[in-house]
Amino acid sequence: MLCLSPCAPGPHRPSARASTSAADNAHRVTLRLGTPTPRRCRLGKFQGCSAAAPAAPMEKAAPPRTTAERWGSLREMRRVWWVCGMGYWVQGFRCFPWLALNFHLTRGLGLSPVALQLVQNAGSLPLVAKPLFGVLSDAVYIGHQHRLPYISAGAFLQLIAWGTLAIMPVTGDTFPIQMVCILIGNLGASVTEVVSDAVLTEFSRTQKTGVLQSYAFIGLAAGSLLGNLSGGYVLLRTQEPKTMFTAFSVLLGLQLALSMSTKETLPSSHGNSSSLLVRSSLSVNLRKQFSNLMTSVRKERIFYPLAWIMTSFAVVPILSGTMFCFQTQYLKLDSSIIGLSKVMGQVMVVSLTVLYNRYLKQIPLRRLVCGVQIMYAFAVLSELILVKQVNLLLGIPNEIYVLCFSALAEAIAQFKVLPFSILLSSLCPPGCEGSLFAFFTSGLVLSAILSGVYGVGLSALIGLSAGDYSNLPLGILLQSLAALLPLAWISFVPENWTADEKIVKQR
């Protein structure tokens with residue numbers, strides 16, 4: 001077993017006055033009888049402190065808090081949870097404007113499937129910089145607050161980006177500016193996500209393992225469910241993506257107002273010595289935080305699970321842009337069907353999360369992840385039924401099949417992250433909450449970008465285009481086979497760890 005918090009006593013040092021005379025000893029006894037020594041000083045000898053060292057001054061005890069102060073602190077903590085919970089919900093609801101943006105890019109600007117996928121991957125580049133934001137939130141306080149100012153800054157950046165897209169004309173000349181807005185919006189989203197993960201990790205130390213992470217996943221899925229459900233309906237009714245950009249900007253304004261009006265109440269804000277860094281030198285704090293992050297990542301029990309989950313996404317080429325164009329341009333499906341299919345996917349995520357929290361977390365991690373990865377490979381392969389139109393032979397319309405099964409693979413991939421989030425929460429050292437989870441999520445984003453780039457290369461290699469989908473079944477088959485490759489290094493995942501454990505056994 002690896003001990004996460006070793007506590008070895010210091011070596012016993014002999015007293016510097018062990019050779020004193022008997023008279024001195026008698027005199028010392030007399031003085032000790034006249035002036036009783038506090039029991040704390042006697043215990044100091046057994047903890048390795050020198051007998052010649054002066055007794056530490058007694059600290060003045062803090063006055064007990066009144067009932068009103070305790071209730072006020074509880075209310076502020078609940079408001080912090082509202083800010084954090086709304087951050088996860090808004091993070092899931094981002095599919096609402098992104099659904100409109102995909103239609104805006106393909107129909108308004110006429111982008112091809114390959115170009116659409118390149119824009120999606122390039123727009124995710126700011127998410128790779130999450131470790132930097134995590135280090136900043138761990139090391140730099142803003143106005144005596146640790147986390148909430150960063151959530152406000154992230155919401156403000158997103159508000160600027162989506163508000164600009166809402167008022168910008170739809171022409172090819174404005175595409176560079178629109179691309180800048182996409183990058184700024186994802187930059188703000190990455191800051192908010194990093195800090196929300198850090199807040200979740202701080203509070204999870206005082207709760208049962210995995211409970212808060214499950215609630216966060218449910219909030220994320222609930223936002224995504226509502227975003228896809230309302231997004232498809234609004235887009236079908238209005239046929240105007242700018243309306244959805246404006247609505248999301250209003251929601252970001254509410255998030256910004258809530259975060260700015262909340263007083264921070266976190267474990268790291270109340271005398272947590274591991275979080276009280278030296279504020280006299282920003283460069284010293286940043287170097288120390290980067291050093292702590294690298295030390296944590298190099299640990300075998302953290303490095304190997306991170307390597308597996310990242311590579312399991314990176315080696316699978318994604319054909320999301322091609323499938324989106326196939327469904328909307330070739331099959332002529334409405335935007336409401338696409339949105340409802342995403343809703344069904346988030347319902348699957350919520351169901352899997354509840355199932356995991358009740359039953360699946362008792363299963364050893366390696367066995368669970370192995371089963372989930374095999375299910376993901378078969379879910380990818382099931383898209384062949386739609387592409388080859390086998391569902392029509394079975395009497396299932398395209399709309400029903402897309403609604404029920406199109407988002408299955410995406411839902412399984414999203415759920416696969418949950419056990420690793422709980423694992424990292426149990427291993428994360430105090431003071432590195434933002435840094436380590438930012439590194440984790442940025443690694444996932446980088447893996448998704450590489451997966452998208454491989455998908456673009458695969459599309460070009462087999463000759464997929466907006467008017468020719470004849471080789472799409474071959475691409476899906478290769479994608480499904482690639483999903484089985486991570487099983488070759490499944491030994492990187494801890495074998496016997498479950499979500500009920502606090503300590504990870506050595507591999």
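Q: How many salt bridges does the structure hold?
A: This is a predicted model, and a pair counts when a Lys or Arg side-chain nitrogen sits within 4 Å of a carboxyl oxygen of Asp or Glu. On that basis, the number of salt bridges in the structure is 3.

Q: Which parts of the chain does the pair of glutamate 193 and arginine 94 tie together?
A: Their side chains meet in a salt bridge, with N to O at 3.9 Å. Arginine 94 sits in the loop between α3 and α4, while glutamate 193 belongs to α8, so the bridge joins parts 99 residues apart in sequence: that loop and helix α8.

Q: Are glutamate 193 and arginine 94 buried or exposed?
A: The cut-off for buried is under 20% relative accessible area. Both glutamate 193 and arginine 94 come out as buried.

Q: What is the relative accessibility of glutamate 495?
A: Glutamate 495 meets arginine 366 in a salt bridge of 3.9 Å, N to O. Arginine 366 is partly exposed at 21%. Glutamate 495 also counts as partly exposed, and its value is 46%.

Q: Which residues does threonine 441 contact, leaving aside its neighbours within four places in sequence?
A: Threonine 441 has its place in helix α21 and counts as buried because its relative accessibility is 13%. Beyond those sequence neighbours, its contacts are Lys130 and Asp197.

How values were computed: Residues numbered from 1 in each chain as written. Predicted model: local features only at pLDDT ≥ 70, side-chain atom pairs only at ≥ 80, totals over all residues. Heavy atoms only, no water. Helix = DSSP H or I, 4+ residues; strand = E, 2+ residues; numbered from the N terminus. Buried < 20%, exposed > 50% of the residue type's maximum accessible area, 1.4 Å probe, protein only. Contact = heavy atoms within 4.5 Å.
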